[in-house]
Amino acid sequence: TSYNISLSIFVAGPYFQQPLDAQFSVSTGQQQSAIAQATTMTFNVKPLEAVLQLDTQNIQMNVALGKQTIVPITISNIGEAETGTLVVNLPPIPFMSVLSGQTIASLKPGKSIV
């Protein structure tokens, strides 16, 4: 005989800031029985976090002297939490700038900006 057991673990609250590792045991059969089995399960819980992904496929290109070239870069949040305010820091090159501004508002999970 086999049984399928669905287990959901929910850790809530703003106080959960550090990863949590825990173990628990599941026993089957009667304790006095020779066929009783115990299985130890381990679960890891970590706080939700933002994960940034940059689409930089076209970041390398030629620029003609005296001409403007716009290079779109997509920033996506593929994580489970908001990013908070993002700041773009460019190297100190006088001919390079950020058209959208150096400060980017927080990106919610699943959202992108170009």
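Let's start with Phe95, which is exposed, with a relative accessible area of 71%; exposed means over 50%, buried under 20%, and partly exposed in between (1.4 Å probe, protein chains only). This is a predicted model, where local features need pLDDT of at least 70, side-chain atom pairs count only at pLDDT 80 or more, and totals for chains, interfaces and linings use all residues. Residues are numbered from 1 along each chain as its sequence is written, and side-chain values use heavy atoms, leaving out hydrogens and water.

**The chain**

The chain has zero helices and seven strands. Strands (E, at least two residues) are DSSP runs numbered from the N terminus, and helices are H or I runs of at least four. Of the 114 residues in the chain, 10% are buried.

Phe95 sits in the loop between strand E5 (86-87) and strand E6 (103-104). Gln60 belongs to the loop between E3 and strand E4 (74-77).

| Residue | Relative accessible area |
|---|---|
| Phe95 | 71% |
| Gln60 | 76% |

Gln60 is eleven residues from Val71 in sequence, and their C-alpha atoms are 8.7 Å apart in space.

**The largest pocket**

The largest pocket has a volume of about 1000 Å³. Among its 28 lining residues, Val71, Ile73, Met96, Ser97 and Val98 are the closest to its centre. A pocket is an open set of points on a 1 Å grid where a 1.4 Å probe fits, with protein on both sides within 12 Å along at least five of seven lines; lining residues have an atom within 4 Å of a point. Strand E3 (52-55) and E5 each give the lining at least two residues. By class, this lining holds 21 nonpolar, seven polar and no charged residues.

Terms used
Points joined across faces, edges and corners; volume = space filled by probe spheres on them. Nonpolar A, V, L, I, M, F, W, Y, C, P; charged D, E, K, R; others polar.
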